[in-house]
Amino acid sequence: MNVDLASRALGGSVVAASDESFGFKERLIDPSEPAFVPGTYDLRGEVVDGWETRRHADGDWAIVRLGVGGRLRTIDVDTRFFAGNQPTGCRIDACVLDPVSDPTAAAVPWTTIVDAVPLKPDSHNVFAVDDPHRYTHVRLRLESDGGIARLRAYGDVIPDPALWAGITVEVSGVEHGGRVEWSSDSFYSDACVLIAPDRPRNMGDGWETRRRRDIGPATHDAVIISFAVPADLQRVEIDTSRFVFSASPEVSVLGSRARPCGENGWALVPFDVPVLVRTRIAPDARQVFVVDATDITALLVQAYPDGGIARVRAFGWPTERGFALLEAVWDASA
């Protein structure tokens, strides 16, 4: 599952825009889905859930600093609820800057990653990116005035090896390249939130499955979380915060030393390294367990028999092979 590198939930920020007369630029990266109530007006006009510029402008733009730098794979220019006031088209540029640099300066070395394309109204407009480099900023350039509900920049986090050297890292975290690869059930909420960098705000900000009715000794829900590189693990945190009456009663964690190969993905990857034996956990609590598991590439977290978990965090450091791989990926993306 690719990560939305631009999302506000990951630390993304809309740092500049040419105009925001009708809709605030910050709405572009709101992690929530856009919404619209027709006939609702304020001093700017009809209230829109997105970024909308004044009429008759000649090519507006907005610049987003990504929450985490990485390789971009897909851009979604979402025009939902903008029908008749969407831009005619757009192009997308990217660059590498430090956070304090002025992204509007004339000398910024922008690279076009999506050439000029038309935009459909009230739609997801999804464009593939074929560029192997790591970027920290993206610029959305409109071919006309208009409104965009959301901008999603999906891709792969590329961690800086210098920030991993000599310290313990939350190797499962999305901002360090962790990914949720699969879950048995996401009836109430998506399992991807398990590796979010923030603290859970409510019961909807976690992974909650439907209620199992086939309860037996072996029935359970599960989720696979992969790491950017192989790591030696020292701690695992299972956080059930906000799940007061629907937390999973027990969990176990298995590790893998393999990676997927071929068309089967993670389905045939063995999880045969015991990391945490089946353990009873408390509701609405953060619980940290000391573990000792080496050369782990991914975790299979099993929740018995169902229920809710807010966050899963695995702490450790890369193996010698993992650190070399981290450096190789970083160098190749420069």
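Is F187 buried, exposed or partly exposed? F187 counts as partly exposed because its relative accessibility is 47%, where buried means under 20% relative accessible area, exposed over 50%, and partly exposed in between (1.4 Å probe, protein chains only).

## Basis of the report

The model is predicted, so that local features need pLDDT of at least 70 and side-chain atom pairs count only at pLDDT 80 or more, while totals for chains, interfaces and linings use all residues. Residues are numbered from 1 along each chain as its sequence is written, and side-chain values use heavy atoms, with hydrogens and water left out.

## Aromatic pairs and a charge over a ring

The structure holds three aromatic pairs. Rings of Phe, Tyr and Trp (its six-membered ring) pair if their centres lie within 6.5 Å; planes under 30 degrees apart count as stacked, over 60 as edge-to-face and the rest as tilted. One of the pairs joins F36 and F81, tilted at 40° between the planes and 6.1 Å centre to centre. This pair links distant parts of the chain, 45 residues apart: F36 is in the loop between β2 and β3, and F81 in the loop between β6 and β7 (89–95). Strands (E, at least two residues) and helices (H or I, at least four) are DSSP runs, numbered from the N terminus. F36 counts as partly exposed at 27% relative accessibility, and F81 counts as partly exposed at 39%.

F187 and Y188 form an edge-to-face pair, with 4.9 Å centre to centre and 85° between the planes. Elsewhere, the charged end of R278 sits over the ring of Y304, 3.8 Å from its centre; the criterion is NZ of Lys or CZ of Arg within 6 Å of the ring centre and within 35 degrees of the ring normal.

## Backbone features

Most residues other than glycine have a negative phi, and most peptide bonds are trans. The peptide bond from Y304 to P305 is cis, with omega near -15°, and P305 lies in the loop between β19 (286–304) and β20 (308–309).

H56, although not a glycine, has a positive phi of about 70°. H56 is located in the loop between β5 (51–52) and β6 and counts as exposed at 73% relative accessibility. D284 is likewise not a glycine and has a positive phi of about 50°; D284 lies in the loop between β18 (273–280) and β19 and is partly exposed, with a relative accessible area of 41%.

## A buried lysine

K25 belongs to the loop between β2 (13–17) and β3 (41–42). K25 is buried, since its relative accessible area is 12%. Not counting residues up to four places away in sequence, K25 touches V14, V15, A16, A17, E20 and W51, contact being heavy atoms within 4.5 Å.

The largest pocket holds about 770 Å³ of space. A pocket is an open set of points on a 1 Å grid over the protein atoms alone, where a 1.4 Å probe fits, with protein on both sides within 12 Å along at least five of seven lines; lining residues have an atom within 4 Å of a point. Of its 28 lining residues, S7, A9, P31, C192 and V193 are the closest to the centre of the largest pocket.

The second largest pocket holds about 410 Å³ of space. Among its 23 lining residues, D156, V157, I158, A228 and V329 are the closest to its centre. At least two lining residues of the second largest pocket come from each of β6 (61–78), β12, β16 (221–239) and α1 (320–332).

Technical notes:
Grid points are joined across faces, edges and corners, and a volume is the space filled by probe spheres set on the points.
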